[in-house]
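Here are my notes on the model you sent over. Have a look at the structure first, then go through the points below.

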Amino acid sequence: MPLDQDTEMKVSGQTRYALKIPEGKSCLVLAGVVFSIVLNVALVCTVAVIGHSKAGHLHSSCDTPECVETAAAVALSLNKSHPACSDFYEYGCGGYKLHHNIEEGWYTYTVWNELIDTHSKRMRTAIESADVSQKYGREVAALFSSCMDMPALNETTDKPLLDILNKGGALQWPTLAGANWNRKQFDMTKWIQTLHHIDIDTFFVFTKGPNPVNAGQVDFKLYPSSGGLNLDKWDYTSDQPWAQKRQEEYRKSMVDLISKLNVATNKTAIEEDVQTVFDFEVELAKNLPDRKFESIYTPKPMRLRGLYRDVVPITRFDWKMYMKGLFPESSLPDPSAVVLVEDPDYFGNLSKVLSHTSDRTIANFMSMRMVYQLAEHLPDHISGQVQSLKIYGYDSSPLYYQCASVVEKLMPWAALRTMLDKKLLADKSKAVTVFENVRKELLESLNAVSDKFSAEFATQLKNRVTHLHEKIGYPDWLKDKEAVNKYYAKMSAPLDPKQYFANVLQMSKFRKINVLLSTEEQYHDGEGWDMFFHDYFGAYYLHGNDIYLPSYYLFSPLYSHSMPDAFNYGGLGSIAGWYMVYALEDDYRQYRQENGTIIPLEPSAEDKASFKAIKGCYNYLANTTYLPPGEKEPISIRMTSNWGLEYQHNDIIAANLAYKAFKKNGKGSEYAPGLPPSVDQTFFAGQAQYYCAAKYSHHSYNHKLLNAIAVSRPEFSKAYGCQDEDLLYNSGNTVCYL
């Protein structure tokens with residue numbers, strides 16, 4: 001029976017073609033289909049069990065719907081008709097593009113997009129049926145509902161914003177007020193405090209974070225805001241054509257946005273103000289320090305009272321008034337509290353720029369920064385042009401995806417708790433075990449090469465790995481719903497499901513204050529998730545020595561609690577290993593404190609060279625090639641830049657760590673229907689999933705990278721039966737210790 005491609009069935013956000021049943025024959029056809037499916041499944045499972053029993057007494061560990069669905073999704077990604085030993089990307093990901101459409105609104109669609117998309121859909125399902133008898137359920141439902149109603153909002157949606165900017169007082173916007181702007185009422189301290197309350201960094205960042213010497217200690221931090229401008233520094237300072245074009249687009253978008261805000265100011269006056277503010281932004285960009293990736297930044301410890309005494313002066317700015325406005329009156333920090341100041345010279349240079357800039361220009365800059373940063377929360381009839389500029393011309397993602405992102409940023413604990421309520425968030429216990437075993441494997445590898453370094457540097461590296469903190473998915477305290485209710489009981493007022501923009505402003509302020517007050521850490525045994533939970537990609541954080549993996553990494557096709565260990569180590573284990581290697585790569589430095597001064601422990605040139613050489617062991621693979629389908633000539637795995645080569649090494653080392661951790665700790669007798677017939681093949685197939693995409697080039701970074709990972713492991717060659725003449729064959733004669 002032919003497939004009818006007009007009839008579709010949606011499974012976990014993926015499109016599956018369904019059979020079209022002729023009218024009047026549904027029962028007969030369905031009976032035949034069901035009998036055929038049962039018979040085929042029985043035959044496949046019988047053959048699989050017999051085959052696995054002969055191979056090593058494997059047994060199925062796939063006894064949950066989640067596992068069956070994950071195994072089926074991975075099976076669809078594989079292209080078993082293509083030889084793994086000539087192009088493992090095609091073998092591991094060749095089916096992905098056939099079974100995953102690039103949905104409307106997406107620029108591309110990769111496994112990473114799929115993970116976040118699945119997470120967003122599950123979050124939407126949980127929130128729309130949230131338990132409103134719980135405080136967190138009511139509030140998160142109100143925020144999400146107000147966001148999903150955004151397309152239906154009328155032209156008065158910008159009213160809460162204009163209420164701030166168009167009334168008289170310290171925050172009045174000169175462009176809107178025109179001749180009525182009152183310079184005497186301008187208050188830069190009030191302006192900065194207001195922007196910081198809604199998480200818009202301007203001039204500097206004041207927050208909380210781990211002490212670089214003592215990760216268990218949380219201190220205030222003050223540092224230059226590289227994100228304190230609406231564009232990147234090089235967009236302002238470069239004279240290249242692409243930068244000039246971006247500057248022009250930015251100025252034009254700001255004029256267009258302001259013109260749509262129901263203001264009476266004529267366009268010529270708006271253009272003049274925008275140009276003046278842009279010139280000011282150029283001066284600010286020139287003042288920003290160059291953030292070199294390999295540099296060590298040394299914070300200077302001082303007490304808050306030092307700020308009050310203008311040890312770090314800023315023209316027109318009062319530190320004491322800033323603190324009083326930033327914190328609730330009952331929670332003002334002790335003046336003896338430590339604040340770590342990074343790059344104090346920046347603040348002196350900032351004052352010089354501010355001293356020769358008019359109050360009107362600074363007030364316009366503050367207003368335009370607020371509008372630009374909040375544009376994503378305004379309807380398209382106002383913000384369309386700015387949004388297209390901010391996301392570099394890509395199509396916008398679906399609304400439910402945007403709203404899930406907003407909710408997770410502003411109300412993460414409520415959103416994740418509702419997912420736990422509905423059992424839509426995975427059990428992470430096996431993920432934590434995988435992480436710990438990969439960490440132990442890295443420590444053993446470092447022990448094996450410690451004689452290559454100075455004793456001091458070897459100790460630094462091992463200490464870094466020994467004290468790594470995993471933060472996977474969500475903090476354990478979320479399992480206690482009363483603790484989540486207690487957290488949100490501090491909200492100033494309930495959210496209104498019809499006032500999206502007002503909700504954004506309220507919850508932005510709520511989140512900022514709770515980060516500054518260390519609320520999450522104080523309530524819940526110092527787990528310390530609140531200070532970096534906004535990171536959407538996962539990250540390694542140097543000062544706290546934390547590796548954070550977002551909750552969407554706990555979904556298919558990277559992880560399932562009930563999938564075989566081989567799969568979970570290949571998928572999630574390799575990702576965790578990558579962040580661990582990254583923790584050593586450019587951030588392998590540590591700090592010590594002497595007489596109140598924090599001093600970086602800079603590795604010697606010899607130790608740096610030895611570390612690079614050990615990672616560079618895999619350079620012997622640089623001449624390897626692979627042959628995708630349809631290509632006449634093999635393609636080199638070599639990257640086109642040193643940056644690419646370094647990151648290729650990191651992925652290879654991570655794969656090595658995850659594989660060795662699996663062989664030592666994982667259950668080697670498990671399989672899942674549809675996956676390859678051996679545990680080693682399952683490991684590598686699971687590893688491949690992270691690199692899959694619905695649209696890719698045979699010369700792409702991920703295509704080269706996955707083949708580099710495959711050829712680096714002699715176990716891959718053994719698992720897939722690669723021979724000496726195969727392109728991805730590895731004899732195992734060269735041994736790399738990381």
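**Notes on the model**

1. M491 sits in the loop that runs between α22 (481-488) and α23 (500-516); helices here are DSSP runs (H or I, at least four residues), numbered from the N terminus. Bear in mind that this is a predicted model, where local features need pLDDT of at least 70, side-chain atom pairs count only at pLDDT 80 or more, and totals for chains, interfaces and linings use all residues. Residues are numbered from 1 along each chain as its sequence is written, and side-chain values use heavy atoms, with hydrogens and water left out.

2. Is M491 buried or exposed? M491 is buried, at a relative accessible area of 8% (buried is under 20%, exposed over 50%, partly exposed in between; 1.4 Å probe, protein chains only). Setting aside neighbours within four places in sequence, M491 contacts K135, E139, Q506, M507 and F510, a contact being heavy atoms within 4.5 Å.

3. M411 also touches E139 and M507, along with V140, L143, Y488 and L495, again not counting residues up to four places away in sequence.

4. The largest nonpolar core has 131 residues, and M411 and Y488 are among those with the most contacts inside it. Such a core is a set of buried Ala, Val, Leu, Ile, Met, Phe, Trp, Tyr and Cys residues joined through side-chain atoms within 4.5 Å. Helix α25 (residues 565-585) gives the most to this core, with 12 residues.

5. Now for K233, in helix α10 (residues 233-237). This lysine is buried, with a relative accessible area of 18%, and its side chain reaches the backbone oxygen of L288 at 2.5 Å.

How values were computed. Helix = DSSP H or I, 4+ residues; strand = E, 2+ residues; numbered from the N terminus. Polar contact = N/O pair within 3.5 Å; in protein donor to acceptor, adjacent residues only side chain to side chain.
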